[in-house]
Amino acid sequence: PGTPGTLGVPFQRAAIPSSGRELDSYIVSAPPSCGNSPVLLIYHGMQETISGWVRAQRFLYDHCVSSVIFDPSGSGDSSRPASIEFIRQDAIAAYNFTRLRFPGSRIFVLGHSLGNGVMLEQIPRFRIPPDGVIVAGAFSSLRNQGVIRRHLLYRLLAYAIPDWWNNVEAVKQIHLPLLVVHSDTDRVNPLAGGQAIYAAANQPKAMVVLYGLGHNALETNPSEEWWSPVLSFIRAPRANTH
């Protein structure tokens with residue numbers, strides 16, 4: 001498995017405490033020459049681990065952004081087992097850890113794919129709110145995601161399971177600067193999901209539609225094309241939300 005160090009980036013590997021469990025994480029601080037750089041806490045998607053995001057952390061480091069990414073319970077080298085409740089606790093624990101690790105810095109949170117579900121659900125429970133929220137490649141709800149799939153099994157499961165991680169409903173509870181980023185060629189979570197989240201979100205909000213990029217482009221092939229809207233968002237001056 002790769003680490004930021006594999007790409008020549010100084011980093012710290014930390015075990016984030018979460019209700020008696022430990023969450024494996026990579027922490028990359030922006031170069032000292034960047035000054036008081038913003039910090040991005042990343043909630044990654046399903047069937048991903050932190051090692052898959054090292055290119056993105058290198059890209060952010062080169063653009064004067066500090067970053068933290070962690071594996072929730074049951075993923076990568078983090079504690080087992082996984083459960084919905086454990087993952088909810090992990091979302092808060094990782095955010096609290098990031099605040100302690102970067103005191104006085106502006107903290108932003110980014111969810112990718114399934115990571116948006118737990119992130120958006122738990123943001124109202126953060127004791128100190130983040131400075132902004134980025135929703136990347138999200139579905140409208142886990143149940144709706146099953147409904148729109150063509151396979152009959154997914155459709156049946158969608159009606160059988162609880163409606164966990166309804167991002168359209170969750171975003172209504174958030175009153176923070178919000179950016180939705182989605183590609184028109186996302187084959188995992190169609191663009192309509194991001195559009196529905198944006199429509200339900202409170203102001204201030206913005207949406208950027210990318211063209212021709214895959215679902216995982218932000219991590220597997222990080223580029224100015226994908227990340228420029230995020231960099232502009234986190235660098236923009238705004239009123240203190242704390």
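This is a predicted model: local features need pLDDT of at least 70, side-chain atom pairs count only at pLDDT 80 or more; totals for chains, interfaces and linings use all residues.

Colleague: OK, how many helices and strands does the protein chain have?

Modeller: Nine helices and eight strands, taken as DSSP runs numbered from the N terminus (helices H or I, at least four residues; strands E, at least two).

Colleague: What's the strand order in the sheet?

Modeller: β1-β2-β4-β3-β5-β6-β7-β8, an open sheet with mixed pairing. β1 (12-18) and β8 (205-210) sit at the edges with a single partner strand each, so one side of each has no neighbour in the sheet. From one strand to the next the twist averages 20 degrees.

Colleague: Zoom in on β3 and β4: parallel or antiparallel?

Modeller: Parallel, over four bridges, between residues 39-43 of β3 and 66-70 of β4. Isoleucine 42, for instance, has isoleucine 69 in β4 as its bridge partner.

Colleague: Switching to helices, which strands does α2 lie across?

Modeller: Helix α2 (residues 84-101) lies across β1, β2 (21-28), β3, β4 and β5 (107-112). It runs at about 125 degrees to β1, with axes fitted to C-alpha atoms (for helices, over the stretch in contact) and angles from 0 to 180 degrees between N-to-C directions.

Colleague: And how do α2 and α3 cross?

Modeller: Their axes come within 9 Å and cross at roughly 70 degrees, with α3 being residues 115-122. That's why α2 and α3 are called roughly perpendicular (65 to 115 degrees; under 35 is roughly parallel, over 145 roughly antiparallel, the rest oblique).

Colleague: Which residues meet there?

Modeller: Ile87, Arg88, Ala91 and Ile92 from α2 are in contact with Val118, Glu121 and Gln122 from α3, contact being heavy atoms within 4.5 Å. By class, this contact of α2 with α3 has four nonpolar, one polar and two charged residues.

Colleague: New topic: how much of the protein chain counts as buried?

Modeller: 52% of its 242 residues, where buried is under 20% relative accessible area, exposed over 50% and partly exposed in between (1.4 Å probe, protein chains only).

Colleague: Which residues of α7 are buried?

Modeller: In α7 (residues 191-200), Leu191, Gly193, Gly194, Ile197 and Ala200 are. The buried residues of α7 pack against β6 (132-136), α6 (167-171), β7 (178-183) and β8.

Note on methods. Residues are numbered from 1 along each chain as its sequence is written. Side-chain values use heavy atoms; hydrogens and water are left out. Two strands pair if DSSP finds at least two bridges between them. Ala, Val, Leu, Ile, Met, Phe, Trp, Tyr, Cys and Pro count as nonpolar, Asp, Glu, Lys and Arg as charged, and the others, Gly among them, as polar.
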